[in-house]
Amino acid sequence: MKRTIFFIPLFFIAILIPHTAASAATNALFEQTVNVRSQASISSTIITQVHQGDKATIIKNQDNWLYVELETGEKGWVASRFATLTTEAASEQTIHSTVSNLQVRSGPGKEYKILGSISQDSDWTVLRSKGDWISIDYNGQTGWVASWLVTSKSLEKEQNSDTNKEVITRLLNVREMPGTENRILSQLPLGSVVEEMKTENNWSFIRYDNGQTGWVDSTYLQNTDKKEEEGFVTILYHATNLRSGPGLSYGVISQASVQERYQIDGKEGEWYRILLDDGRSAYVADWVVSTVSRLTTSPKLTSGKTVVLDAGHGGFDSGALGITTLEKILTLKTTNTIAEKLKNAGVEVILTREDDTFISLSQRTLISEQYLADAFVSIHFDSTVDPTANGTTTYYYEDGDMTLATAIHAEIGDDTSLRDRGIRFGNYYVLRNNQQPSVLLELGFLSNPWEEQLVNKASYQNNITSEISNGILAFLE
Ligand SMILES: [Zn+2]
């Protein structure tokens, strides 16, 4: 018997949409061999190639280049002119029931005859909708189901043509891809308005901050009537310098306070030109402001306390290297254990990173400011050229940090397993640029082979994390 195999080209299935609507497209389809590069430039390294019929998920669309994830999981840049942009979501609307036996009726209302029922685990093609009722292809006949008892990705969109959403958590991570294991691109403060472009397994693909895109946990978005207020910057730090020109060499003409908003008048390099209340222009660096609308004051819990724990390093920044230890991995482990212990004591704990992700120093202090942390504790392990150097050190930057430093040091300084190097002044960015009580702890030397072994031991980890959490608790009381 001769078997015939039908090949249905993917590009016939995908709905082709014009390049002008590219921002809504989520997939790229290739009709020829195309180089995938490490950067958005033809001079960058070729990582791999895609061939005719290959598909990729678009992560970012920027200046005629697409940052894509291939079916192999590899990521890279392709020139957008070689890709046909497609979206799958609109190709078919299906629903499934959210209840175990959803009645299917002959018409759009409860007064109509019951034709049968559908279970939760089957998908049904939508024919049309009328009021709160949806008609489906029910085994060849038209059946109607109550729209409030079904879910559908594309339907959610249709019912809510206004896709503006408001962030309802104090700081929402925007990630490169859906899933908490993926890289954090940005963090959106409470009250930010974003545009939800599609949802997938409780992750929302959003547009934010003047056209950037990324994925957020849909749980933390809610519908809103608010519009994204464009054309404003919000100051992120206390006593931010406003200068007469676009650079640090220009004179300071005024200072702005955290959460003040200014109208944007232009941008030169990394500097926004803004309008002051008295009509003058001033410049502010783009790294100290947010263009996300409405930075709202964090509702500070009166009953509870908030501690920001900062696991040092992460991502490409490994920190100190021992023989077998990467500082970034050990700090994360230690920090997570302290977090658990503090949470058990009823403290609200915020982590600057939850995974092996690179977070800039300014992002770390921004989180401290955003949450008005009662305490900010940065966790590190030490390293130096002298392999015999050993011990733990508690660093502070200003007098305001001293109470916290003393409280933690009273606990860890007593730990007999390591030498106590005491409380010391440390000119660290995360302390210097932190308005909240903050300390940086060095919990042993990875450059000392003996100490490297010790700090990795479960007994040391258990003791030191208890001591640190007890010290923090003593400070909070
Ligand atoms: Zn470190």
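Strand S32 is mostly covered in this predicted model, with eight of its eight residues buried. The burial extends to both faces of the strand: Ala375, Val377, Ile379 and Phe381 lie on one side, and Phe376, Ser378, His380 and Asp382 lie on the other. Strand S32 is joined to S30 by five bridges, and the two strands run parallel. Within this pairing, Val307 stands opposite Ala375 of S32. A parallel arrangement is also found between S32 and S35, which are connected by six bridges. Here Phe376 has Ser438 of S35 as its bridge partner.

Apart from residues up to four places away in sequence, Val439 touches Val377, Thr394, Tyr395, Tyr396, Asp401, Leu404, Ala405 and Ile408.

Helix H8, formed by residues 458–476, contributes a further set of buried positions, namely Ile464, Thr465, Glu467, Ile468, Ser469, Gly471, Ile472 and Phe475. The elements covering these residues include strand S30 (306–311), helix H3 (327–344), strand S32 (375–382), helix H5 (402–412) and strand S35 (438–445). The length of H8 agrees with expectation, because 19 residues at 1.5 Å a residue should span 27 Å and the end C-alpha atoms of the helix are 27 Å apart. Glu467, which is found in H8, counts as buried because 22 other C-beta atoms lie within 10 Å, where the cut-off for burial is 20 or more. The C-alpha atoms of Glu467 and Ile412 are 5.7 Å apart in space, although the two residues are separated by 55 residues in sequence. Residues up to four places away in sequence aside, Glu467 touches Glu411, Ile412 and Asp415.

Helix H7 (residues 449–456) has Glu451, Glu452 and Val455 among its buried residues. These residues cover an arc of only 105° around the axis, and they are therefore on the same side of H7. The buried residues of H7 pack against H3, S32, S35 and H8.

Most residues other than glycine have a negative phi. His313 lies in the loop between S30 and H3, and is buried, with 24 other C-beta atoms within 10 Å. Leu372, likewise not a glycine, has a positive phi of about 45°. Leu372 is placed in the loop between helix H4 (361–370) and S32. With 16 C-beta neighbours inside 10 Å, Leu372 counts as partly exposed.

Elsewhere in the chain, strand S6 (residues 65–70) pairs with strand S7 (residues 75–79) in the antiparallel sense, over five bridges. In this pairing Glu69 stands opposite Lys75 of S7. The hairpin of S6 and S7 has four residues between its strands, and Gly73 takes a positive phi near 95° there. Phe82 is located in the loop between S7 and strand S8 (83–87). Phe82 is partly exposed, with 15 other C-beta atoms within 10 Å. Beyond its neighbours within four places in sequence, Phe82 is in contact with Phe30, Gln32 and Val34. Phe82 and Val34 are 48 residues apart in sequence, and their C-alpha atoms are 7.0 Å apart in space.

Across the whole chain, the secondary structure amounts to eight helices and 35 strands. Of the 477 residues, 36% count as buried. Among contacts with a separation of 6 or more, 63% are accounted for by residues 24 or more positions apart.

The mean pLDDT of the chain is 81, and 84% of the residues reach 70 or more. Over residues 1–24 the pLDDT is below 50, and this stretch has 27 contacts in the model beyond near neighbours in sequence. The pLDDT is also below 50 over residues 293–303, a stretch with 24 contacts in the model beyond near neighbours in sequence. Where pLDDT is low, the predicted coordinates should not be read in detail.

Terms used:
Residues numbered from 1 in each chain as written. Predicted model: local features only at pLDDT ≥ 70, side-chain atom pairs only at ≥ 80, totals over all residues. Pairing = 2+ DSSP bridges. pLDDT = per-residue confidence, 0-100. Contact = placed C-beta atoms within 7 Å. Buried ≥ 20, exposed ≤ 12 C-beta atoms within 10 Å, placed from the backbone. Expected span 1.5 Å × (residues − 1). Arc of directions from axis to C-beta.
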